[in-house]
Amino acid sequence: MAEFYGLLRVASAPPVPPAAPVATAPKAKPVIGLALGGGSAKGFAHIGVIKALEAQGIVPDLVIGTSAGSVVGALNASGKSGFQLQELAIPFDKWQFVDWGMPNRGLMKGDALAKFINTAVGGRAIEKFPKKFGAVATDLQSGEPIVFRSGDAGTAVLASSSIPLAFQPVSIRGRQYVDGGLLSPVPVRLAFEMGATFVIAVDISDKPANGGIDTSMDVALQTLAIMGEMIRRYEKPAADVLIRPDISRLGSVDFENRRLAIMQGAKAAGLEMRRLKDTLHNSGKLWRAQLASPADRVSVLWQSRNLRRREAVVAIVFVKFRLWQIKFGSR
């Protein structure tokens, strides 16, 4: 009988509600970084890439640029869309940026470039931009890279773009800075250090050419190309997606074919768009694509850093020697 009443109590007990489903943490939205490489006049291709990304609704959270990449990057981070950048580029006149300097320091002062940038961004400091931005330059005295993330935008871009021998070194707070391409031609690692968790890199470089080396500009650009080629081999694989416009028909000082450069940038981004979207969709997996494990990627980044330091010593010695030759009339 006791057993009967026990069963009766169990049968009449209120039903136990089903267990609530265990809430899973939503996948963190990736912080998209756009790393724009250097390449002088080939930098117009960055505009095409940005246009293609925006057309697909892909808007980076931060932008970092080296040399020509810092020019486009600063304008984009200040709020200008790809189409607005194109409107600035089409009437471009390279002679408006030629301001001759003292030949023993560099052919051009670069003040005109700094003024153009500051005018285009409305006189705002970098930290006032709606999007995080960094301009990569090289400390000529220490051989270390620096990312300007605050302060005068024009001066930061000029420092990042000051090709040795072509432009005078830029003095900021007692330090001398030159083109960031000496150390970080495609700033992938520095994009991660700025806070990106997903990096889209744009490489507009070309392999060193076998053409004539007749002028100081030829010497400067060839030097950057030789050093940059080795550094890029280590740094590019760390990017989540690499966009490589076909700029083989464009020269580093070929400012006349900027429409072609923009088109090639958009075309290259379009070819990578499916893979970019798929990789971005799966970006909850922290390390994937070209590299198998976190250790692999960290190893690549550290190799790149150490290589840059070695290359910087060679580059800075060469630049100082060449400036000495120019100063004393040697050839």
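1. A residue is called buried when its relative accessible area is under 20%, exposed when it is over 50%, and partly exposed in between (1.4 Å probe, protein chains only). Lys51 has a relative accessibility of 18%, so it counts as buried. Lys51 lies in helix H2.

2. This is a predicted model, in which local features need pLDDT of at least 70 and side-chain atom pairs count only at pLDDT 80 or more, while totals for chains, interfaces and linings use all residues. Residues are numbered from 1 along each chain as its sequence is written, and side-chain values use heavy atoms, with hydrogens and water left out.

3. The protein has 10 helices and 8 strands. Helices (H or I, at least four residues) and strands (E, at least two) are DSSP runs, numbered from the N terminus. Of the 331 residues in the protein, 51% are buried. The accessible surface is about 16,300 Å², and carbon and sulfur atoms account for 59% of that surface. Such areas come from the Shrake-Rupley method with a 1.4 Å probe; for residues, only the protein chains shown count as cover.

4. A contact means heavy atoms within 4.5 Å. Take the contacts between residues at least 6 apart in sequence: 77% of them join residues at least 24 apart.

5. Back to helix H2, which spans residues 45-55 and is mostly covered, with 9 of its 11 residues buried. The buried ones are Ala45, His46, Ile47, Gly48, Val49, Ile50, Lys51, Ala52 and Leu53. What do the buried residues of H2 pack against? They pack against E1, H3, helix H4 (82-89), E7, E8 and helix H9 (258-281). After H2 comes Gly57, with a positive phi near 75°.

6. Strand E7 (residues 198-202) is mostly covered, and 5 of its 5 residues are buried. Phe198, Ile200 and Val202 point one way from E7, while Val199 and Ala201 point the other way; all are buried.

7. Which strands pair with E7? Two strands pair if DSSP finds at least two bridges between them. Strand E1 (residues 32-36) runs parallel to E7 and is joined to E7 by 5 bridges; Leu34 has Ile200 in E7 as its bridge partner. Strand E8 (residues 241-243) also runs parallel to E7, with 3 bridges between them. Here Ala201 stands opposite Leu242 in E8.

8. Helix H5 (residues 111-120) has as its buried residues Ala112, Leu113, Ala114, Ile117 and Ala120. Their cover includes helix H3 (68-77) and H6. H5 is followed by Gly122, whose phi is positive, near 75°.

9. Is Ser160 buried or exposed? Its relative accessibility is 0%, so Ser160 counts as buried. Ser160 is found in helix H6 (residues 153-161). Not counting residues up to four places away in sequence, Ser160 touches Gly65, Thr66, Ser67, Ser70, Ala135, Val136, Ala137, Asp179 and Gly180. With Ser70, the side chain of Ser160 makes a polar contact of 3.3 Å. A polar contact is a pair of N or O atoms within 3.5 Å; within protein, one must be able to donate a hydrogen and the other to accept it, and residues adjacent in sequence count only if both atoms are side-chain atoms.

10. Rings of Phe, Tyr and Trp (its six-membered ring) pair if their centres lie within 6.5 Å; planes under 30 degrees apart count as stacked, over 60 as edge-to-face and the rest as tilted. The structure holds 2 aromatic pairs. One is formed by Phe129 and Phe133, with centres 6.2 Å apart and 40° between the planes, and is tilted. Phe129 is buried at a relative accessible area of 7%, and Phe133 is buried at 2% relative accessibility.

11. Why is the pair of Phe148 and Tyr177 edge-to-face? The planes of their rings are at 80°, with the centres 5.2 Å apart, so the pair is edge-to-face. The pair links distant parts of the chain, 29 residues apart: Phe148 is in strand E4 (residues 145-148) and Tyr177 in strand E6 (residues 175-179). Both Phe148 and Tyr177 are buried.
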